Amino acid sequence: MWLVRETRWTVIARAGDTETGKVLCWEFDTEPDAVQMVDRLLRADTAGQWRAQDGGTPPPTAGRGD
């Protein structure tokens with residue numbers, strides 16, 4: 001018998017607009033690793049295209065492009 005709890009942190013970013021943008025996802029085992037990826041994205045040359053979303057906006061689904 002197993003009782004398993006898996007906690008994963010997912011960073012989801014959309015490059016482009018809501019209609020034609022590409023959804024990018026990264027999964028991490030720890031929160032610090034996920035936060036480090038967010039920091040890397042914000043410091044990247046393309047950082048101007050990333051922006052925070054309000055709490056009422058659900059993240060896009062990877063693979064569907066929405």
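1. A salt bridge is taken here as a side-chain nitrogen of Lys or Arg lying within 4 Å of a carboxyl oxygen of Asp or Glu. By that criterion the side chains of Glu27 and Arg8 form a salt bridge, with an N to O distance of 3.3 Å. The pair links distant parts of the chain, since Glu27 belongs to strand 2 whereas Arg8 sits in the segment before strand 1, 19 residues apart. Please bear in mind throughout that this is a predicted model.

2. How many salt bridges does the structure hold? There are two, and the other joins Asp29 to Arg8, with the closest N and O atoms 2.1 Å apart. Asp29 lies in the loop between strand 2 and helix 1 while Arg8 lies in the segment before strand 1, so this pair ties together parts that are 21 residues apart in sequence. Through shared partners, the salt bridges join Arg8, Glu27 and Asp29 into one network.

3. Arg8 is partly exposed, its relative accessible area being 39%, whereas Asp29 counts as exposed because its relative accessibility of 56% is over the 50% cut-off.

4. Thr7 and Phe28 are 21 residues apart in sequence, and their C-alpha atoms are 9.1 Å apart in space.

5. In which sense do strand 1 and strand 2 pair? The pairing of strand 1 with strand 2, the latter spanning residues 22-28, is antiparallel and runs over seven bridges. Within strand 2, Leu24 is the residue that stands opposite Ala13. The two strands form a hairpin with six residues between them, and in the turn Gly16 has a positive phi of about 105°.

6. Helix 1 comprises 13 residues and reaches 18 Å from its first C-alpha to its last, which is close to the 18 Å expected at 1.5 Å a residue. Its buried residues are Ala34, Met37 and Leu41. These three cover an arc of only 55° around the axis, and therefore lie on the same side of helix 1. The face turned away from that buried side carries the exposed residues Pro32 and Arg43.

7. What do the buried residues of helix 1 pack against? They pack against strand 1 and strand 2.

8. The largest nonpolar core has six residues in all, namely Val11, Ala13, Phe28, Ala34, Met37 and Leu41. Strand 1 (9-15) and helix 1 (31-43) each supply at least two residues of this core, and the largest share, three residues, comes from helix 1. In soluble globular proteins, nonpolar side chains tend to be buried together.

Notes
Residues are numbered from 1 along each chain as its sequence is written. This is a predicted model: local features need pLDDT of at least 70, side-chain atom pairs count only at pLDDT 80 or more; totals for chains, interfaces and linings use all residues. Side-chain values use heavy atoms; hydrogens and water are left out. A nonpolar core is a set of buried Ala, Val, Leu, Ile, Met, Phe, Trp, Tyr and Cys residues joined through side-chain atoms within 4.5 Å. Buried means under 20% relative accessible area, exposed over 50%, partly exposed in between (1.4 Å probe, protein chains only). Helices (H or I, at least four residues) and strands (E, at least two) are DSSP runs, numbered from the N terminus. Two strands pair if DSSP finds at least two bridges between them. The expected span of a helix is 1.5 Å times one less than its number of residues. The arc is that of the directions from the helix axis to the C-beta atoms. Contact means heavy atoms within 4.5 Å.
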